[in-house]
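This note sets out some points for a reader who is new to the structure shown below. Please read the points with the model in view.

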Amino acid sequence: MSEENFSRIANNLIATYGTNDPFKLAKYLNIQIVYLDYKAWLGLYSNINGVRTIFINNNLPKISQDGVCSHEVGHSFQPFKESVFMKEKFLFENNRIEREANVFAATLMFSRDIDESELTETDKMLLRNLEKYKLY
Ligand SMILES: [Zn+2]
């Protein structure tokens, strides 16, 4: 699948479920969310025997958690069968799998109104990086 497809999938989800909140979308998609007290990782996506789980670093500020969750939901649309386990130390590694997840995340994150005054430095950095993956 092309990166454009990941933007299309994200827009279709927004239209279908009426939300761009990645945590709500994960729920609709039957992906469970687990919060962990990570030190370094941002998040993880796993699919083990069809049980899909997103792990989120609960030390991150809210908008960053949304960005990470969006990225991980993007991974759920990649055509791997089972036992996928990806650790995310860096969201912005430049390989196809990560780019597709970032295009998906950018489509979700930039479809919402973001109140700049509520952003932490971590949020701003994440959004600046994600902005490079905006397709339109
Ligand atoms: Zn990733």
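This is a predicted model: local features need pLDDT of at least 70, side-chain atom pairs count only at pLDDT 80 or more; totals for chains, interfaces and linings use all residues.

1. Tyr-133 is buried, with a relative accessible area of 12%; buried means under 20% relative accessible area, exposed over 50%, and partly exposed in between, with a 1.4 Å probe and protein chains only. Tyr-133 is found in the segment after helix 5 (121-131), where helices (H or I, at least four residues) and strands (E, at least two) are DSSP runs numbered from the N terminus.

2. Residues are numbered from 1 along each chain as its sequence is written, and side-chain values use heavy atoms, with hydrogens and water left out.

3. Asp-66 belongs to helix 3 (residues 62-75) and is buried, at a relative accessible area of 4%. Its side chain makes a polar contact (a pair of N or O atoms within 3.5 Å; within protein, one must be able to donate a hydrogen and the other to accept it, and residues adjacent in sequence count only if both atoms are side-chain atoms) with the side chain of Arg-112, at 3.0 Å. Leaving aside neighbours within four places in sequence, Asp-66 is in contact (heavy atoms within 4.5 Å) with Pro-22, Phe-23, Met-109 and Arg-112.

4. The largest nonpolar core has 29 residues, of which Ile-54, Val-73 and Phe-104 touch the most other members. Such a core is a set of buried Ala, Val, Leu, Ile, Met, Phe, Trp, Tyr and Cys residues joined through side-chain atoms within 4.5 Å. Helix 4 (96-109) is among the elements that each supply at least two residues, and the largest share, six residues, comes from helix 4.

5. Three aromatic pairs are counted; rings of Phe, Tyr and Trp (its six-membered ring) pair if their centres lie within 6.5 Å, and planes under 30 degrees apart count as stacked, over 60 as edge-to-face and the rest as tilted. The rings of Tyr-17 and Tyr-28 are stacked, because their centres are 4.6 Å apart and their planes are at 10°. This pair links helix 1 and helix 2, with the two residues eleven residues apart. Tyr-17 is partly exposed at 30% relative accessibility, and Tyr-28 is partly exposed at 49%.
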